[in-house]
Amino acid sequence: MSVIQFNAHKKYHVLQSKTRVWETHNDLTPHYRILFIRSGEGHFSLDGKLCDYAEQGVILLRPGQHPIFQEDSSAEIFLIAFDTWLSDDFLQKKEFSPDFADIYKQAEHLCDSVRLTQGKPLQNERDAQTITYLINQILFEVTQQPTSHNKLIRGSIDLIVTILARNNFESKKVEEATSRQRLAGAIIDYLRQELHQNKSIRVPELLMRFNISEDVANLCVLNQTGMSLRNFIFKYKADLFKSRMLKIDISELTSYLQSGGQQTPHLSI
């Protein structure tokens with residue numbers, strides 16, 4: 001496959017090539033980049049971490065980041081690089097490129113706050129297919145080069161960035177929900193352990209232990225149990241007391257039965 005390359009001065013750069021060719025294009029490293037895996041699978045190294053990549057995978061890169069792919073003759077990538085010319089004096093330069101400045105800023109934020117799993121396809125299959133279609137459209141416009149191709153390419157890039165930003169945000173929500181579930185589980189486990197040991201629960205100490213506010217603690221416990229933090233503590237203490245009242249020492253009960261009911265059994269609380 002021959003290299004396909006297109007540049008829009010001080011705006012964006014488009015490149016499709018094999019991974020081994022991509023690694024020679026260090027001139028794009030100073031820019032924010034979105035890299036798509038067109039074909040192939042394997043491993044790549046980024047910031048000292050080994051990651052997997054697969055077809056339709058997405059890699060978001062800040063300036064200076066440069067992934068190193070394992071040698072794979074079938075691996076093919078498509079790259080959009082956003083020229084960082086706009087990053088200095090953004091508001092002033094935006095006047096000269098208003099149609100692209102907003103796209104650049106969105107791509108900048110996307111690459112600076114990555115929530116997607118690097119190298120993996122989007123979980124939303126429909127969005128992944130849409131991006132594949134848009135990439136094919138960009139490549140068609142680049143190779144055909146009609147008079148309106150620049151506007152069509154820019155429009156496709158805008159849609160790709162918007163789709164990725166939406167999926168990145170959705171990943172953030174899932175990540176935060178998972179984090180809250182883990183926190184709620186840790187709080188409840190701690191409360192149960194302390195109450196089983198007959199320890200007093202002081203809410204301020206609990207909040208300091210988990211470094212959270214009472215509002216956050218209430219929300220976590222409420223989502224997990226349907227009760228506020230203090231109501232959960234009160235109810236669990238009451239239930240624990242009742243369960244202990246019901247535990248009768250079996251040996252004493254046996255002795256009581258064997259004695260014909262002459263002894264009085266003791267409750268173990």
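Reader: Which residue of β5 does H43 stand opposite?

Author: H43 stands opposite D52 in β5. Strands (E, at least two residues) and helices (H or I, at least four) are DSSP runs, numbered from the N terminus. Two strands pair if DSSP finds at least two bridges between them. Here β4 (residues 42-46) and β5 pair in the antiparallel sense, over five bridges. L46, in turn, stands opposite K49 in β5. The hairpin of β4 and β5 has two residues between the strands, and D47 takes a positive phi near 55 degrees there. This is a predicted model, in which local features need pLDDT of at least 70 and side-chain atom pairs count only at pLDDT 80 or more, while totals for chains, interfaces and linings use all residues. Residues are numbered from 1 along each chain as its sequence is written, and side-chain values use heavy atoms, with hydrogens and water left out.

Reader: What is the order of the strands in the open sheet?

Author: In a regular strand the side chains alternate between the two faces of the sheet. The open sheet in this model has three strands in the order β5-β4-β7, with antiparallel pairing. Its edge strands are β5 (49-53) and β7 (68-69), each of which pairs on one side only.

Reader: How many aromatic pairs does the count come to?

Author: Rings of Phe, Tyr and Trp (its six-membered ring) pair if their centres lie within 6.5 Å; planes under 30 degrees apart count as stacked, over 60 as edge-to-face and the rest as tilted. By this rule the count comes to eight aromatic pairs. One of them joins F44 and Y53, a tilted pair at 6.3 Å centre to centre with 50 degrees between the planes. The rings of F44 and F69 have their centres 5.6 Å apart and their planes at 35 degrees, so this pair is tilted. It links distant parts of the chain, since F44 is in strand β4 and F69 in strand β7, 25 residues apart.

Reader: Is F44 buried or exposed?

Author: Buried means under 20% relative accessible area and exposed over 50%, with partly exposed in between (1.4 Å probe, protein chains only). F44 has 1% relative accessibility and therefore counts as buried. F69 is buried as well, with a relative accessible area of 6%, and Y53 is also buried. Of the 269 residues of the protein chain, 40% count as buried.

Reader: Which residues have the most contacts inside the largest nonpolar core?

Author: In soluble globular proteins, nonpolar side chains tend to be buried together. A nonpolar core is a set of buried Ala, Val, Leu, Ile, Met, Phe, Trp, Tyr and Cys residues joined through side-chain atoms within 4.5 Å. The largest has 36 residues, and those with the most contacts inside it are I34, F36, F82, I157, I160 and L164. Elements that give two or more residues to this core include β3 (32-39), α3 (98-112), α4 (125-144) and α5 (149-196). Apart from it lies another core, of 19 residues, among them A184, I187, L206 and I212.

Reader: With which residues is L110 in contact, leaving aside its neighbours within four places in sequence?

Author: Contact means heavy atoms within 4.5 Å. On that basis L110 is in contact with I34, L60, V161, L164, A165 and N168. L110 is placed in helix α3 and, at 2% relative accessibility, counts as buried. L110 and L164 are 54 residues apart in sequence and 7.8 Å apart in space, C-alpha to C-alpha.

Reader: Which residues of helix α6 are buried?

Author: In α6 (residues 203-210), the buried residues are V203, L206, L207 and F210. Seen down the axis of α6, they fall within an arc of 100 degrees (taken from the directions from the helix axis to the C-beta atoms), so they line one face of the helix. The face turned away from that side carries the exposed residues P204, M208 and R209.

Reader: Where is confidence lowest in the protein chain?

Author: The predictor's confidence in each residue is its pLDDT, from 0 to 100. Where pLDDT is low, the predicted coordinates should not be read in detail. Confidence is lowest in helix α9 (residues 250-258), at a mean of 57, and highest in strand β6 (residues 58-61), at 94. The mean for the protein chain is 81, and 82% of its residues reach 70 or more.
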